[in-house]
Amino acid sequence: MKFFDLCKLSFKNLFYNFYRSIASIVMLTLLSVIIIFFGGIMKTLNGDIQKNLIDQTEKYGMDMSMIMSEKQNTQEFIELMDEQGLFDTYTMSLYMGVGAFGNVAEAEDETKFRLHPMCMGKENASYTPKLLQGHTWSEDCKGKKYIWIDEETALSTDKKVGDILKFSFNNQNFEYEIRGIISSSSCLLEYTFFDFEGYGVDVTLYQKNLDKVDMDFFKRLEDIDKYLISKYNLQTNAISGSSYNYYLSAMTIKKWATGIGIFLIAVCIGCSIGSILNTIKINISKNNYSLGMMRAIGAKSSEIYWYIVLQWLIIIFIATLIAGIIVAIMTATIMYDIMPMMLRLIFGDIILITTPQISYWAILINIFVLFATIMLSSLVLLRKYTQKPVINILQGGE
Amino acid sequence: MIQLNDVRKIYGEGESQVKALDGITLQIPDGKFISIVGKSGSGKSTLLNMIGALDNVSSGTIETDGIRIDDLPSDKLAEYRNKNIGYIFQAFYLEPQFTVMENVEMPLIIAGEDKALRREKAHKLIERLGLLDKENKKVNTLSGGQKQRVSIARALVVDPKIILADEPTGNLDVKNAKEVMDLLREIVSEGKTVILVTHNQDDAKKADITIEIQDGKIACIEER
């Protein structure tokens, strides 16, 4: 039989058995809509998380902070990240005695001042505050009761190098000798006090190169952090920073959405396979004399196989096409409102700007799975069937 | 020439075993009208199915023009059926949703014939069988007699050497039954072999040779 004639014959049979074909198309369309729809959601989240990250980086710059304890090897951390090109600039802040970010409301003799230890910048001199008076920070300062303040603070409080700065925090009194005064114009960080005895380093990384901003960036950063923690056996401080926090929440959404999506897609694929198998079985048994007659007048087993398969291929093509159109319409209309609503409902208040998309991969996977199911199930069902004596097929007997 | 040698067909196993054909040895000459008669369950339809390669033999051989059809592989057998045999059944076995033309040309589609040629052949037969006005009508709109004529046209369209007819008049009224029998006689006159299975003694007597089957064995062969 010519292949073109076989196609025509299949199509005719499909058309003549109109209601049965429509029922199969409706069934597969519904299942395909779910598969393509959730494929689209996964693609949207994946793409938008990445896009939002880049938008955020363009707007605020990529920043991550790691507060390290005295025992940790800061230099090694910097080198490891430098090797992997994880940043293009960084600032490193040294904590001495007590000290941290923000404004100092509790200071005894000062209401507001800036505590500014040395800031070192790689390839970015502006991050290094200019020293106006006193001594530069050096390794010798570690653990000593020295403090650097900015010019503005010095002028407003009438403090100079060598004076003692007294303050209390958490019911403790502290005294520091002012070791140097730095330019206010290059002071980038504000500090507040926190209860931290000893000495630590805060490294803030900046990555402005958008090509390098991706999920892998954070993954590598986490790996370095884990490496350092395990190497020095420390309960150290986690990575923080606005970009990193965004990454964490985005990853949570992605994991949940992917999990739910894959589950639903798997259920739908299972249902599709089950329905196809069942329908093919029914079709074959209901078409006993039709297939038997074809065999009797000379159709080969392979021709019967393709006669059945081609009908299903047409059904799948139509079902996927309709499903694609339905999902495209949904994506272009209601999904813009539904998706943020769904995200808020599941994850609470979260910043994720979404632009719903269609996943072409989901369409292809849908077609592939359905095609494979039909090819295989027809092969298994028809193999046994077409090997029976023709008269048994014709009369529907065993 | 169709040659059957000690053909046996056994259904079931053990105690539930049924011998449908029990050692049939038979020669059917070309261009003759053969009728096979016998009671229900005697094995006459089974014999026809064996000759038409629609069923497998349990033992024995069947040869047509020197070719053993009982051990041909499935696809070769399909090709053999397509080119050499035309079937006419009591239940017609037509595609109800297809038109008369589509049903008649089906064996030619399977044979890979070009559209124009197969349409021409099918059209001629449809005209010959008086169904020209029904050519593009769906088969399920036809009467029993018309359906059987479509079935005969489909059997003849590939110009086979052998026509097998299993109770072709069983579902027809007297007038239509007579028309079908006349058609079969006409086919024989064109040099084809027609093998008819029937309950009807009058129909059987119209054949050149009548074979009576009893309990899977040939009871008698009557030549006219």
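**Reading burial, strand pairing and contacts**

Me: Which residues are buried in H1(B)?
Reply: B:Lys44, B:Ser45, B:Thr46, B:Leu47, B:Leu48, B:Asn49, B:Met50 and B:Ile51 are the buried residues of H1(B). The model is predicted, and burial here is a neighbour count: a residue is buried if 20 or more other C-beta atoms lie within 10 Å of its own. By that count 8 of the 8 residues of H1(B), which spans residues 44-51, are buried, and the helix is mostly covered. H1(B) is followed by B:Ala53, whose phi is positive, near 60 degrees.

Me: How many residues of H3(B) are buried?
Reply: In H3(B), 11 of the 12 residues are buried, so the helix is largely enclosed by the rest of the structure.

Me: How many residues does each chain bring to the contact between A and B?
Reply: Chain B brings 21 residues and chain A brings 22. On the chain B side, helix H2 (74-84) and helix H3 (100-111) each supply at least two residues. H2(B) gives the most, with 6 residues. By class, this side of chain B has 10 nonpolar, 6 polar and 5 charged residues.

Me: Which way do the residues of strand S8 of chain B point?
Reply: In a regular strand the side chains alternate between the two faces of the sheet. In S8(B), B:Thr193, B:Ile195 and B:Val197 point one way, B:Val194 and B:Leu196 point the other way, and all are buried. With 5 of the 5 residues of S8(B) (193-197) buried, the strand is largely enclosed by the rest of the structure.

Me: In which sense does S8(B) pair with S3(B), and in which sense with S7(B)?
Reply: Strand S3 (residues 33-38) of chain B pairs with S8(B) in the parallel sense over 4 bridges, and B:Phe33 has B:Val194 as its bridge partner. Strand S7 (residues 162-166) of chain B also pairs with S8(B) in the parallel sense, over 5 bridges. There, B:Leu164 stands opposite B:Ile195. S7(B), helix H6 (residues 174-189) of chain B and S8(B) make a right-handed β-α-β unit.

Me: Which residues touch the most other members of the largest nonpolar core?
Reply: In soluble globular proteins, nonpolar side chains tend to be buried together. Here the largest nonpolar core has 123 residues, and B:Ile36, B:Leu184 and B:Val194 touch the most other members. Helix H2 (residues 18-60) of chain A gives the largest share, 13 residues. Domain 1 (3-55 + 249-394) and domain 2 (62-248) of chain A each give this core at least three residues. Leaving out residues up to four places away in sequence, the contacts of B:Ile36 include B:Leu47, B:Ile195 and B:Ile213. A second, separate core of 10 residues includes A:Ile147 and A:Tyr176.

Me: Is B:Glu223 buried or exposed?
Reply: B:Glu223 has 9 C-beta neighbours inside 10 Å, so it counts as exposed. It lies in strand S10 (residues 217-223) of chain B. Beyond four places in sequence, B:Glu223 touches B:Asp208 and B:Ile209. B:Glu223 and B:Ile209 are 14 residues apart in sequence and 4.4 Å apart in space, C-alpha to C-alpha.

Technical notes. Residues numbered from 1 in each chain as written. Chains lettered and ligands numbered in written order. Predicted model: local features only at pLDDT ≥ 70, side-chain atom pairs only at ≥ 80, totals over all residues. Contact = placed C-beta atoms within 7 Å. Nonpolar A, V, L, I, M, F, W, Y, C, P; charged D, E, K, R; others polar. Core = buried A, V, L, I, M, F, W, Y, C linked by C-beta atoms within 7 Å. Domains from an automatic or database assignment. Pairing = 2+ DSSP bridges. Right-handed = clockwise from strand over helix to strand, strands pointing away.
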